There are 2 protein chains.
Amino acid sequence: MVAWNNLDTLASYEKLTKTSPVNLVEVMSGEGGAARVKKYSTPMAAGLTYHYAAKAVDDDTLQALTDLAKEAQLADKFKELYNGAVINTGENRLVLHQLTRGQLGDKVQADGVDKRAFYVAQQEKIAQFANDVHAGKIINASGEKFTTVVQIGIGGSDLGPRAMYLALENWAKKNNTFKMEAKFISNVDPDDAAAVLNSVDVAHALFVLVSKSGTTLETLTNESFVKDALKNAGLNPSDHMVAVTSETSPLAKSDDYLAAFFMDDYIGGRYSSTSAVGGAVLSLAFGPEVFAQFLDGAAEEDRLSTNENVLENAAMLDALIGVYERNVLGYPSTAVLPYSQALSRFPAHLQQLDMESNGKSVNRFGEPVDYPTGPVIFGEPGTNGQHSFYQLLHQGTDIVPLQFVGFKNSQIGTDVDIQGSTSQQKLCANVAAQIVAFACGKADDNRNKNFEGGRPSSIIIGEQLNPQALGALLAHFENKVMFQGFLWNVNSFDQEGVQLGKVLAKRVLAHETDGALKEFSDLLNI
Amino acid sequence: MVAWNNLDTLASYEKLTKTSPVNLVEVMSGEGGAARVKKYSTPMAAGLTYHYAAKAVDDDTLQALTDLAKEAQLADKFKELYNGAVINTGENRLVLHQLTRGQLGDKVQADGVDKRAFYVAQQEKIAQFANDVHAGKIINASGEKFTTVVQIGIGGSDLGPRAMYLALENWAKKNNTFKMEAKFISNVDPDDAAAVLNSVDVAHALFVLVSKSGTTLETLTNESFVKDALKNAGLNPSDHMVAVTSETSPLAKSDDYLAAFFMDDYIGGRYSSTSAVGGAVLSLAFGPEVFAQFLDGAAEEDRLSTNENVLENAAMLDALIGVYERNVLGYPSTAVLPYSQALSRFPAHLQQLDMESNGKSVNRFGEPVDYPTGPVIFGEPGTNGQHSFYQLLHQGTDIVPLQFVGFKNSQIGTDVDIQGSTSQQKLCANVAAQIVAFACGKADDNRNKNFEGGRPSSIIIGEQLNPQALGALLAHFENKVMFQGFLWNVNSFDQEGVQLGKVLAKRVLAHETDGALKEFSDLLNI
């Protein structure tokens, strides 16, 4: 049995706080720096590698982190999770998102079924449906093919699938697996749905309504919006809509949908990209084979994440270094900086994944913790960010740890040679340069041009952003966040913090307000 | 003459640190909260209002902030700036972005010309050009109209204009002023340019190349990318390109462009949306009249920002409260949360504006400062963020001050009534609810469902996001950042922190590397 203890009760954490801080400028300069780059890396799935030479760690720190991983029983806790323990204690639920992409340990039985078989069956049902749509077997009332898929969902039903779609859109076009354009409606702002609907040929659009409970107000509101548009175009909404929901939701057996695909309570919204939530829209957009490749990359990375050897487990190591930076070094935020335009919304997905999972002040038992937990996560693609907020990252008064991602090859392959190098080479040169600039800095007598350095970063490097690599990247961060939750002893799988706002919003709409809430409601004309 | 002193040398700042902290839960609950909402607001331009009832301030704090504004000579410093003083001392430059939208004080003479006349002339030249394009007087080689405008630029030449375009796209479509679709190429990642070019009918596209110096590597590289695409389509690039640059740049008098529109060294990239940098693309997209309305809103807000009375000057007050939160209360980041899908990229623009301006560790004289300066800025539109990172904002271990923006009316006007309320009402109900939830919290015996509250926010409320309101909103934040720079005594108008990375990237591309830089270059196949 594993023991769930607060981080600050662990002897190994106490020891970690007493390790000597590493001077990044010193260790990353000269040939010592080269030796670190060669030494401090860990292979990941799908040809990715996690490099942490530019993190403020050395062999002593790594030993302390290894001890911490052991005392905190990170590998054992993950094993309990994938073997079907009730890890989400707050909601009394299993945590099974890894099972949507592979079987890691024992068979998991729940709700009277083998859950792996359940997820596989949903994936197969989606694959069949998508193939039928692509083959023209499932068509609109005029007998024409659907050309566009529109996902209606919010939070985890939007950010992850949208980020994954954008990540693979150009890859699929280049590799001739692109089947249907995808669009997304998420915000309850009526201008969101209206603008998307204005840009879509609704007669040839298939709408995927995603709500686990079948009661998400934003999503049901946007469904009505879409149904109005379909009716106004003289179309029958039920010919154009599919549902992704839980088997027990009101949507599950409704005649309003062409088909329903299921997820369950063991898949948190922010962990649902590899379930039917991502599966429907991505299989329709790129074909089920591409979605299967994406799952394969995630599954392979999950297997690597079970390794008890910290130095061979990139997700665990990344998690440990992050906790060291947050709790020992005291850095309050982390920037995610992919050098890939295709990953433009990947930071927004990680922002949800990380901040919603670990932005907690109480431990698994509901007791307040005395240490910082999840950091603020933000980011934009490089090189764009270099011309924007990097100024603060380089010369601001706070240190922000950085998470770079880079690929040797572009997705489309069209390039131009200017001043002796391609755009892809310039892109890669920039991320290499940034790592060293942040770590080593550069002394200048003009203090305005002085760079102190000492700003830690890691980089995940891959050959190309393809479906497998994207799956591996996603699973890496999901598992990193999970391990950090274990270290902080918080429940990373509930989100009670979003409830109060919902309750008060309902009260506003029912005009049951007083005090400041009434005043603000009046100011906003509600 | 104004005196430039560090924040921590000011007696009024010392006094501010000794004011009693306000208990937000107490003051925002009950009828006291209602009274605060009525009392603590300041009108802005274009019908906007800045509400700060949910900020942790009271009359004592506000008096201390007023004293600080006076001792720091905020109004006088702004006056020096708009009257043409060399405020950007690091680069020995005037700071004239406000002058692109109106004349606030004395005439400003520089480079031998009246600068206001210069900016007006550029705006008129752009207006004439845009009108000629729209009227079919400026056409492609086949005698056909241009239908799309593509901006090529990075950093300030991208984020601001792109955010403004998205903010007004649906408004313009609804109000029949939409003229041309706009797209943007920014990243040196070849997949960015390739994907945009694949989505555009280049024969009917006009490209706006934006680079003040005419030497920005990313932008020139993407220009070559575009020229290749035009040539491959059998077109003459110079029939399809215009330049926005400084008069002294190599682009200014080149035959490669249909026209050139000028800005100058007194307009920082991140402050350039109201100059020709935003003017060309926005005038082509929406017509010059809409761009002029946008400038009018900004100019009106600038005038309000000159007010010496802090309580009547929203930008100054917002700046002061922000410094109080950053330096006295010790909060390291700020979230920008517009309840408007049209403002989806406005937070990314503010992230650049704020972090690049005030992410500095030395004062105007190059001396290290002993206090925190610019915070990390991040954000996404509500209600999307509610289903994402709000968990951490409500229940995380760190307090993150919040900047909400909301409008009573949508832009498109298409809406749906579900459960007795429209989507627009739901949107507004949510932001009202969030303000109160963050401030007041809610006690619960189940600590997992407990909300401590005490999380400060402000909100800017407007009637509708139209061009004037957008201009006012932009100017508000530009002026807030400027006032904060004055308070921290940093130069908000240079960006030396972006230089080292550029130098090292050039070295990588020239293969002049050693140590860690060589290793990372090899890993990335450069």
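Contact here means heavy atoms within 4.5 Å, and that cut-off opens the tour of close-ups below. This is a predicted model, in which local features need pLDDT of at least 70, side-chain atom pairs count only at pLDDT 80 or more, and totals for chains, interfaces and linings use all residues. Residues are numbered from 1 along each chain as its sequence is written, chains are lettered from A and ligands numbered from 1 in the order in which they are written, and side-chain values use heavy atoms, with hydrogens and water left out.

**View 1. B:Pro332 and its contacts in both chains.** Leaving aside neighbours within four places in sequence, B:Pro332 is in contact with A:Pro332 and A:Asp398, and also with B:Arg326, B:Pro375, B:Val376 and B:Ile399. B:Pro332 sits in the loop between helix 12 (314-328) and strand 10 (333-339) of chain B; helices (H or I, at least four residues) and strands (E, at least two) are DSSP runs, numbered from the N terminus. With a relative accessible area of 18%, B:Pro332 is buried; the classes are buried under 20% relative accessible area, exposed over 50%, and partly exposed in between (1.4 Å probe, protein chains only).

**View 2. B:Asn358 and its surroundings.** B:Asn358 belongs to helix 13 (residues 346-358) of chain B and is buried, its relative accessible area being 0%. Its side chain reaches the backbone oxygen of B:Val481 at 3.1 Å. Beyond neighbours within four places in sequence, the contacts of B:Asn358 include B:Thr373, B:Gly374, B:Gln484, B:Trp488 and B:Ser492.

**View 3. The interface of chain B and chain A.** B:His387, B:Phe520 and B:Leu524 supply 7% of the area that chain B buries against chain A, more than any other three residues. The rule also finds 44 residue pairs in polar contact across this interface, both residues at pLDDT 80 or more. A polar contact is a pair of N or O atoms within 3.5 Å; within protein, one must be able to donate a hydrogen and the other to accept it, and residues adjacent in sequence count only if both atoms are side-chain atoms.

**View 4. Salt bridges between the chains.** Eight salt bridges are counted between chain B and chain A, each a side-chain nitrogen of Lys or Arg within 4 Å of a carboxyl oxygen of Asp or Glu. In one pair, B:Lys449 and A:Glu496 meet at 3.0 Å, N to O. B:Lys449 lies in the loop between helix 15 and strand 15 of chain B and A:Glu496 in the loop between helix 16 (467-488) and helix 17 of chain A, so the pair joins two chains. B:Lys449 is partly exposed at 35% relative accessible area, whereas A:Glu496 is buried at 11%. In another pair, A:Arg345 and B:Glu380 have their closest N and O atoms 2.8 Å apart. Here the pair runs from the loop between strand 10 (333-339) and helix 13 (346-358) of chain A to the loop between strand 11 (376-378) and helix 14 (390-395) of chain B.

**View 5. Salt bridges within chain A.** The structure holds 50 salt bridges over all chains. A:Asp158 pairs with A:Arg162, their closest N and O atoms being 2.9 Å apart, and A:Asp158 is buried at 2% relative accessible area. A:Glu91, A:Arg93 and A:Asp265 are linked in a network of salt bridges.

**View 6. Cysteines without a disulfide.** Over all chains, a search of the whole structure finds zero disulfides, a disulfide being a pair of cysteine sulfur atoms within 2.5 Å. The sulfur of A:Cys428 is 19 Å from the closest cysteine sulfur, in A:Cys440, too far for a bond. A:Cys428 counts as buried at 3% relative accessibility.

**View 7. Helix 18 of chain A.** The buried residues of helix 18 (residues 515-523) include A:Leu517 and A:Phe520. Among the elements covering them are helix 17 (499-509) of chain A and helix 3 (30-39) of chain B. A:Asn525 follows the helix, with a positive phi near 65°.

Key. Buried area is the accessible area (1.4 Å probe) that two parts lose on being put together, summed over both.
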